[in-house]
Amino acid sequence: TRTVVIISGSGSNLQALIDRAEEIGIEICGVISNREDAYGLQRAQRAGIATALVDHRQFDSRESFDATLAETIDGMQAELVILAGFMRILTPEFTRRYEGRMLNIHPSLLPKYRGLHTHKRALEAGEQWHGATIHFVTEELDGGANIIQAPVAINSSDSEETLAARVHGVEHRIYPLAAQWFAEGRLRLQEGRAYLDGAPL
Ligand code: GRF
């Protein structure tokens with residue numbers, strides 16, 4: 001399954017996908033970043049994967065940025081689009097174009113803690129559980145149907161950093177699994193719900 005991964009930063013989730021690509025049946029045909037200094041671009045280059053920079057600062061609207069992003073994705077002939085630490089809000093037109101074949105990872109147990117600073121917010125709220133969610137991307141920010149959630153227990157000694165590190169650990173396990181399900185043709189988005197092997201998730 002031809003897969004494009006879109007990043008803004010470190011790309012540790014990208015690395016997890018690169019490391020397991022063959023095993024899970026995806027071919028990462030390109031990595032796109034909106035930031036030139038994203039370390040994930042180096043990870044891609046090291047793995048011999050084509051990279052593209054689409055710098056949001058060069059565009060005067062979200063619409064024009066998203067249009068170029070879409071052209072870049074389509075130029076790489078992607079079947080599956082994976083957002084992995086991509087930190088821009090996408091227009092409805094863009095999300096509709098890739099509906100059912102675009103996934104995102106979010107560092108919380110959605111629908112809790114959409115948006116930013118999820119670890120800090122979970123700690124401040126005194127939660128016992130936190131985690132990560134893979135979901136289909138729809139218009140609603142961090143609001144598409146969930147595919148996989150991995151819980152992480154919060155310890156009383158946790159700081160934002162220790163908690164973030166454990167959440168990252170589970171992220172690296174669940175993203176390849178979701179990508180594998182997609183590649184195997186087992187995952188569907190239908191009327192806003194996610195299905196695995198025909199059964200609602
Ligand atoms: C992850 O925590 C992901 O959930 C969030 O951004 C972070 C990306 O980390 N959306 P990395 O760039 O994959 O290391």
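**A friendly note on this predicted model**

1. Let us start with two helices. α1 and helix α2 (residues 39-46) pack at about 15°, and their axes are 9 Å apart. That angle makes α1 roughly parallel to α2, where angles under 35 degrees count as roughly parallel, over 145 as roughly antiparallel, 65 to 115 as roughly perpendicular and the rest as oblique. Axes here are lines fitted to C-alpha atoms, for helices over the stretch in contact, and angles run from 0 to 180 degrees between N-to-C directions. Helices (H or I, at least four residues) and strands (E, at least two) are DSSP runs, numbered from the N terminus.

2. A word on the model itself. It is predicted, so local features need pLDDT of at least 70 and side-chain atom pairs count only at pLDDT 80 or more, while totals for chains, interfaces and linings use all residues. Residues are numbered from 1 along each chain as its sequence is written.

3. A crossing is right-handed if the near helix is turned clockwise from the far one by less than a right angle, and left-handed if anticlockwise. Leu14, Gln15 and Ile18 of α1 make the contact with Gly40, Arg43 and Ala44 of α2, contact being C-beta atoms, placed from the backbone, within 7 Å. By class, the contact of α1 with α2 has three nonpolar, two polar and one charged residues. Here Ala, Val, Leu, Ile, Met, Phe, Trp, Tyr, Cys and Pro count as nonpolar, Asp, Glu, Lys and Arg as charged, and the others, Gly among them, as polar.

4. Now look at α1 with α6. Their packing angle is about 40°, and the axes lie 9 Å apart; α1 and α6 are therefore oblique to each other. This crossing of α1 and α6 is right-handed. From α1, the residues Ser12, Asn13, Ala16, Leu17, Arg20 and Ile24 meet His168, Glu171, His172, Tyr175, Pro176, Ala179, Gln180 and Ala183 of α6. Seven nonpolar, five polar and two charged residues make up the contact of α1 with α6.

5. Which elements each supply at least two residues of the shell around the ligand? They are α1 (12-24), β5 (102-106) and α6 (160-183), with α1 giving the most, three residues. In total, 15 residues surround the ligand, and the closest are Ser10, Ser12, Asn13, Gly85 and Pro107. A residue is near a molecule if its C-beta atom, placed from the backbone, lies within 6 Å of it. The shell around the ligand holds six nonpolar, eight polar and one charged residues.

6. Next comes an open sheet of seven strands, with mixed pairing and the order β3-β2-β1-β4-β5-β6-β7. Two strands pair if DSSP finds at least two bridges between them. The edge strands β3 (51-53) and β7 (146-153) each pair on one side only. On average, neighbouring strands of this sheet are turned by 20° against each other, direction ignored.

7. Helix α3 (residues 62-75) packs on this sheet, where it touches β1 (2-7), β2 (27-33), β3 and β4 (80-83), and its direction makes about 160° with that of β2. α6 also belongs in this picture: α6 lies across β1, β4, β5, β6 and β7, and runs at about 30° to β6. Strand β6 (residues 129-136) and β7 run antiparallel and are joined by seven bridges. Ala132 stands opposite Ala150 in β7.

8. There is also an open sheet of three strands, in the order β8-β9-β10 with antiparallel pairing. Its edge strands, β8 (187-190) and β10 (199-200), each pair on one side only. Four bridges link β8 to strand β9 (residues 193-196) in the antiparallel sense, and Leu189 stands opposite Ala194 in β9.

9. Finally, two backbone details to find on screen. Where is Pro111 placed? Pro111 is in the loop between β5 and α5 (118-124), and the peptide bond from Leu110 to Pro111 is cis, with omega near 10°. Gln77 lies in the loop between α3 and β4; Gln77 is not a glycine, yet has a positive phi of about 55°.

Key:
Two residues are in contact if their C-beta atoms, placed from the backbone, lie within 7 Å.
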